[in-house]
Every structure is written in C-alpha cells, then in structure tokens.
Amino acid sequence: MNALRGLALIGLLLIAAPGFAQSIGGLPAVTVTPGEEGGSTYSLSLQVLVLMTLVTLLPSILLMMTAFTRIIVVLALLRQALGTGQTPSNPVLIGLALFMTLFIMQPVVDRIYVEAAQPYLDGALEPKPALEKAVTPIREFMLKQTRENELMIFAGISGTGPYESPDDIPFAVLAAAFVTSELTTAFQIGFLLFIPFIVIDLVVSSVLMSMGMMMLSPMLVSAPFKLMLFVLVDGWALLMASLANSFNP
C-alpha cells in the first residue's frame with residue numbers, strides 16, 4: 001500500500017511544485033468572458049495547458065525511469081522466440097511487466113514514501129524539498145543500472161561532461177543514458193532466450209527436410225516442442241527470477 005501511495009505522491013509533488021499551484025502573473029487559471037448574447041466564453045491559461053500536458057506524459061515518464069522498459073522488451077522478445085504470435089496478448093504482458101516493476105521498485109518506492117511523501121503529507125516539507133528528496137532514490141537506482149559508456153556518450157552530446165560526482169550529472173543526461181542501457185541489457189537477455197529455441201527450429205527443419213516433407217512448416221512443428229521445453233524447465237519462474245536479479249548492482 002505504501003508503494004502505491006509513493007507512486008501517486010511523485011505525481012502529486014510534480015503537480016504541486018511552485019509555479020503550478022499559483023496563477024501566472026496574478027491571472028486565474030480559467031478566465032470567463034461574458035458573451036454578447038448572454039453566454040460565456042472560457043479560456044485556459046498557459047499554466048493549465050502545461051499542467052494537462054504533464055499529467056498526460058507523467059505515466060510514460062515514470063515508466064521510463066523504472067524497471068518497466070527492460071521487462072516489457074524481454075517479454076516481447078520471449079513471445080517472438082516462442083513463435084506463439086499474440087499469445088500471451090499485449091495486455092497480459094503489460095500487466096505482468098507492471099507487477100514485476102512494482103515488485104522490483106518496492107525498496108525505491110518505500111524510501112520515497114518514507115523520506116518525501118510522508119513528510120510532505122504531514123506538512124513537514126514544502127513541495128520543492130519533498131520533490132528533491134523523492135528524486136534522489138530514483139537517481140540512485142538509475143545510476144546503478146546505467147552503463148558508463150552510455151553516460152559518457154550523452155554527456156558528450158549535451159556538452160556537460162565530465163562530472164566530478166554522480167550528483168553533478170544532469171537528470172536529462174541520466175534519463176537518456178538509463179533508457180539506452182536498459183534497451184541494451186534487454187536485447188542481451190533476449191539474445192540468450194533465442195538460442196535454445198533457434199536450436200529447436202534448426203533440428204526440426206533438418207528432420208523435415210531429410211524426410212522430404214518440404215510443404216510442412218517447420219515453425220508449426222517446432223512450436224509444441226518449444227512450449228514443452230519452456231514449461232519443463234519452469235521457464236516463467238526462471239525468467240521472472242532472472243529479471244529481478246538482473247537489477248541487483
């Protein structure tokens with residue numbers, strides 16, 4: 001429950017940051033102008049437009065800063081390696097990736113709740129200091145999963161490196177390097193997943209050719225064997241455990 005509250009409070013802290021909770025230039029967020037025929041015309045300020053944009057992008061931004069990217073890419077590659085088409089379906093994979101993300105990010109979210117969200121709710125912290133404390137655990141998690149090579153590449157692109165300490169790394173550089181590192185790691189795991197299934201495909205294809213069964217699809221014959229192999233080795237449990245352990249520094 002604390003994890004869910006912590007995730008929700010990250011969004012609330014972003015929204016409650018100075019500049020969003022106050023009107024711009026002393027003008028209200030929504031302006032009502034009386035019409036000529038007794039009607040009213042409503043206009044939104046720039047503040048509300050920016051806020052609506054942040055609310056729309058916030059889920060995607062938060063997911064890109066967590067373990068979700070690596071998990072969903074690996075699951076998609078696994079489905080392709082198994083050759084099962086759209087089984088499991090996209091909603092199932094996304095739901096599984098979300099629950100795995102919540103499980104992996106539990107220590108980070110708990111720390112955000114204890115150090116930032118709870119003091120903010122109790123009135124002990126203002127929005128800006130609470131937001132800074134909430135970002136610190138996420139930065140530490142991202143730094144542990146980010147390769148130095150990717151970090152230096154984006155630092156060179158931005159022209160801000162080298163850095164004397166991890167605290168000097170701009171968040172934009174860290175986020176870009178983190179996502180790139182996650183994709184690289186996910187493809188490495190996917191490569192290892194493909195190897196046993198490719199071997200099965202090659203064996204089945206060779207057997208069918210030696211028997212002269214050219215018209216029979218090797219993918220159709222190898223699919224049951226790949227599913228049987230994956231079930232016999234308890235593939236789902238092994239994959240989930242391996243994904244969770246891959247986030248350990």
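User: Is Leu-174 buried or exposed?
Analyst: Leu-174 has a relative accessibility of 0%. For residues, buried means under 20% relative accessible area, exposed over 50% and partly exposed in between, with a 1.4 Å probe and protein chains only. Please keep in mind that this is a predicted model, where local features need pLDDT of at least 70 and side-chain atom pairs count only at pLDDT 80 or more, while totals for chains, interfaces and linings use all residues. At 0%, then, Leu-174 counts as buried.

User: Which helix holds Leu-174?
Analyst: Helices (H or I, at least four residues) and strands (E, at least two) are DSSP runs, numbered from the N terminus. Residues are numbered from 1 along each chain as its sequence is written, and side-chain values use heavy atoms, with hydrogens and water left out. On that scheme, Leu-174 belongs to helix H8.

User: How far is Leu-174 from Met-142 in space, C-alpha to C-alpha?
Analyst: Contact here means heavy atoms within 4.5 Å. Setting aside neighbours within four places in sequence, Leu-174 touches Arg-139, Met-142, Leu-143, Thr-146, Leu-151 and Ile-169. Along the sequence, Leu-174 and Met-142 are 32 residues apart, yet their C-alpha atoms are separated by 7.4 Å.

User: How are H7 and H8 oriented to each other?
Analyst: Axes are lines fitted to C-alpha atoms, for helices over the stretch in contact, and angles run from 0 to 180 degrees between N-to-C directions. Helix H7 (residues 148–158) packs on helix H8 (residues 171–210) at about 140°, and their axes are 8 Å apart. Angles under 35 degrees count as roughly parallel, over 145 as roughly antiparallel, 65 to 115 as roughly perpendicular, and the rest as oblique. H7 and H8 are therefore oblique.

User: How many charged residues does the contact of H7 with H8 have?
Analyst: From H7, Glu-150, Leu-151, Phe-154, Ala-155 and Ser-158 meet residues in H8 that include Val-173, Leu-174 and Thr-184. By class, this contact has 7 nonpolar and 4 polar residues, and the number of charged ones is 1. In these classes, Ala, Val, Leu, Ile, Met, Phe, Trp, Tyr, Cys and Pro are nonpolar, Asp, Glu, Lys and Arg are charged, and the others, Gly among them, are polar.

User: What is the handedness of the crossing of H3 and H10?
Analyst: Helix H3 (residues 68–82) and helix H10 (residues 235–245) pack at about 150°, with axes 11 Å apart. That angle makes H3 roughly antiparallel to H10. A crossing is left-handed if the near helix is turned anticlockwise from the far one by less than a right angle, and right-handed if clockwise. The crossing of H3 and H10 is right-handed.

User: How many nonpolar residues does the contact of H3 with H10 have?
Analyst: Ile-71, Val-74, Leu-75 and Leu-78 in H3 meet Trp-236, Leu-239, Met-240 and Leu-243 in H10. By class, this contact has no polar and no charged residues, and its nonpolar residues number 8.

User: Which residues does Thr-101 touch, not counting residues up to four places away in sequence?
Analyst: Thr-101 sits in helix H4 (residues 90–104). At 6% relative accessibility, Thr-101 counts as buried. With that neighbour rule, its contacts are Thr-66, Ala-67, Phe-68 and Ile-71.

User: Is Val-114 buried or exposed?
Analyst: Val-114 lies in helix H5 (residues 106–121). Its C-alpha is 10.0 Å from that of Lys-133, which is 19 residues away in sequence. With a relative accessible area of 57%, Val-114 is exposed.

User: Which residue does a cis peptide bond join to Thr-87?
Analyst: The omega angle of this bond is about -5°.

User: What is the phi of Asp-234?
Analyst: Asp-234 lies in the loop between helix H9 (218–232) and H10. At 46% relative accessibility, Asp-234 counts as partly exposed. Although Asp-234 is not a glycine, its phi is positive, at about 55°.
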